[in-house]
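Biologist: I have not looked at this one before. Can you put it up and take me through it?
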Amino acid sequence: MAAGPVRLWVRTEPFLVGALPAPPPARLAPHYLRKAAAYARARADQGCFPRLSWPSWRHLACGKLLLSPDIAWLYFELYRGLRGPSPPLRLRWAEAEAACSSAEELEWERSKLSVDTLQFLLFLYVQQFHNVSLRRSLLGDEWPSPRTKSPCLSEKSGTGNKNWDDQEHLAFVQSHLLDILELLLEPEQLSASSHSSCSSLVSLEAVCALSFLLEGTVSNSGTVRPLHKLALRQPCHGLNGYSKGSRTFSLPKLESWLRSSLTANPLGITVCVSAGKNLVRAQQGGGSTRKAKIACSARVVPEVSPLVMMSHVYKQTVAKSSDTLVGAHVSICRCHDSFIYLLSPLRSVTIEKCRNSTFVLGPVEVSVHVQGCDNVKVIAVCYRLSLSSTKGCTFHTLTPTQPLILSGNQEVSFAPFHTHYPMLEDHMAQVGLATLPNYWDSPMLVCRDSGDTSVFRLLPPSDFYTFVIPFEMEGDTTETPGGLPQEYQEVLKKREQKVQVWQRMVKEAGLSRDQRKQLQAVVEDKFYEWLVQTGNRQQLDSLVPPALGSKQAAG
């Protein structure tokens, strides 16, 4: 139970979308991060502190931490995706990046970028979340099973997916709180062994940075505040050791106050499962008695990005476009043989343990992560795509960053984004995503067991078909944003020409009325056979409105 009038908890986002679901490089272990922090503070006049410029981080990461330039940029870019600029500034950066005609020009544009140094260090520390043992991080990374339990609404104890488990977030911070505080200390507050003492002082700017991880509320006011605003409240000074004169906190008192105030996240996944609004509990198609479950925390917690959880959708089409989804973190798990459309601007999407399904997403501001899925198709405009432990999956994306291939993937296909709905371009503008640059065809192999380029391919143009979203909506988008690559467009053009030739042949054949009816019947029979063989009949059947009185999953 939290002591005193202040309740603190671990923020969801740094772990949910900030922790890359893969073991970090050994040189991002806490020992090296403390050295990096001291290095940055000592070079405040060289673009290292309090803001860390891209050139300075590249030098530090490549020269001191021995990371490759691509990995250095990956972490810098991941942080900017999480804590970066507003959507209009994102669009301005996308325009500048797309205009670069050489690697030198691109590097010049990147040199203008910077991040908050202390928060970025905390972000790097959070990457240890996927190390099984922090103590062994210098001896060799331990690799967790890529096929973890998935976050499903039926699991009463919460989620087995670490990124979606607020109890894991809390346990991580509680276990490593002193390490985290020491990372933020000024060099003179550390001993020769880079550790703190009972007289160490924590600066106000360090506590402000710690608001990246912690937030809370006063009593039961319901207003969520960042950590530093709560720490500066007069009644808390005696507990956390804040001195107005020096604008510092006593480290032992601050650590004690944080530990006594930390509690379970009332805004996390557990609340979403237990107290969130149940959006739908629909009967499944195909005669199944299983129930689809979709729950949302938006009405419980209006101040933060809502959490939406969807599970056990089976042989069904689910379509939603609503304010409930706008800016939401979405978890989709254990959905099989289904078609799911979420046509709103989203914050993040995690798809796990799904099979033989198609997911059509509105623009995703931060990340789409797909894990443990077989034979799924994901169609999305997104800032970041990452995948692990997938087999036979296809990704039609428009993305300004390289797709990340993590561990355990097989037979991955990447293809250009190939659909649209009327509000798509408006939704893209809301989350700051443009049509250029587009790196859908330039994936990055991140994990050491993903280094074999044979795990993925670019979809051959001969296998490419456009995708039609079968719903009417208001809006101005009438074609695929950014168009299609030339080789794919040419294939579509040739198919269209074949259709025109066929239509002309039928017209010029001089068939009688009975012959036309006979030909039409043959074509319809062949089309029906194709629908059954490809599984598309199921999708068409699921679009038929349910019988009067039954519940719908679409809307």
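Biologist: Which strand is Ser203 found in?
Modeller: Ser203 is in strand E4, residues 201-203. Keep in mind that this is a predicted model.

Biologist: Is Ser203 buried or exposed?
Modeller: Ser203 counts as buried because its relative accessibility is 11%, and the cut-off for buried is under 20%.

Biologist: What does Ser203 touch?
Modeller: Leaving out residues up to four places away in sequence, Ser203 touches Glu186, Arg247, Thr248 and Phe249.

Biologist: And how far is Ser203 from Leu184?
Modeller: The two are 19 residues apart in sequence, and their C-alpha atoms are 8.4 Å apart in space.

Biologist: Leu184 takes me to H9. Which residues of H2 and H9 meet?
Modeller: From H2, Pro30, Leu33, Arg34, Ala37 and Arg41 meet Asp179, Glu182, Leu183 and Leu184 of H9. By class, that contact has five nonpolar, no polar and four charged residues.

Biologist: At what angle do H2 and H9 pack?
Modeller: About 20°, with the axes 9 Å apart; H2 covers residues 30-41. H2 is therefore roughly parallel to H9, since angles under 35 degrees count that way.

Biologist: What about H9 and H13, how do their axes cross?
Modeller: H9 is residues 177-184 and H13 is residues 251-261; their axes come within 11 Å and cross at roughly 135°. That angle makes H9 oblique to H13.

Biologist: Is that crossing left-handed or right-handed?
Modeller: H9 passes H13 in a right-handed crossing.

Biologist: Which residues meet there?
Modeller: On the H9 side, Leu177, Leu178 and Leu181; on the H13 side, Leu251, Leu254, Glu255, Leu258 and Arg259. The contact of H9 with H13 divides into six nonpolar, no polar and two charged residues.

Biologist: Now the whole chain. How many helices and strands?
Modeller: The chain has 18 helices and 24 strands.

Biologist: How much of the chain is buried?
Modeller: 51% of its 555 residues count as buried.

Biologist: And what is the accessible surface?
Modeller: The accessible surface of the chain is about 25300 Å², and carbon and sulfur atoms account for 51% of that area.

Biologist: Last one. What share of the contacts is between residues 24 or more positions apart?
Modeller: Taking contacts in the chain with a separation of 6 or more, 58% are between residues 24 or more positions apart.

Methods: Residues are numbered from 1 along each chain as its sequence is written. This is a predicted model: local features need pLDDT of at least 70, side-chain atom pairs count only at pLDDT 80 or more; totals for chains, interfaces and linings use all residues. Side-chain values use heavy atoms; hydrogens and water are left out. Helices (H or I, at least four residues) and strands (E, at least two) are DSSP runs, numbered from the N terminus. Buried means under 20% relative accessible area, exposed over 50%, partly exposed in between (1.4 Å probe, protein chains only). Contact means heavy atoms within 4.5 Å. Accessible areas come from the Shrake-Rupley method with a 1.4 Å probe; for residues, only the protein chains shown count as cover. Axes are lines fitted to C-alpha atoms, for helices over the stretch in contact, and angles run from 0 to 180 degrees between N-to-C directions. Angles under 35 degrees count as roughly parallel, over 145 as roughly antiparallel, 65 to 115 as roughly perpendicular and the rest as oblique. A crossing is left-handed if the near helix is turned anticlockwise from the far one by less than a right angle, and right-handed if clockwise. Ala, Val, Leu, Ile, Met, Phe, Trp, Tyr, Cys and Pro count as nonpolar, Asp, Glu, Lys and Arg as charged, and the others, Gly among them, as polar.
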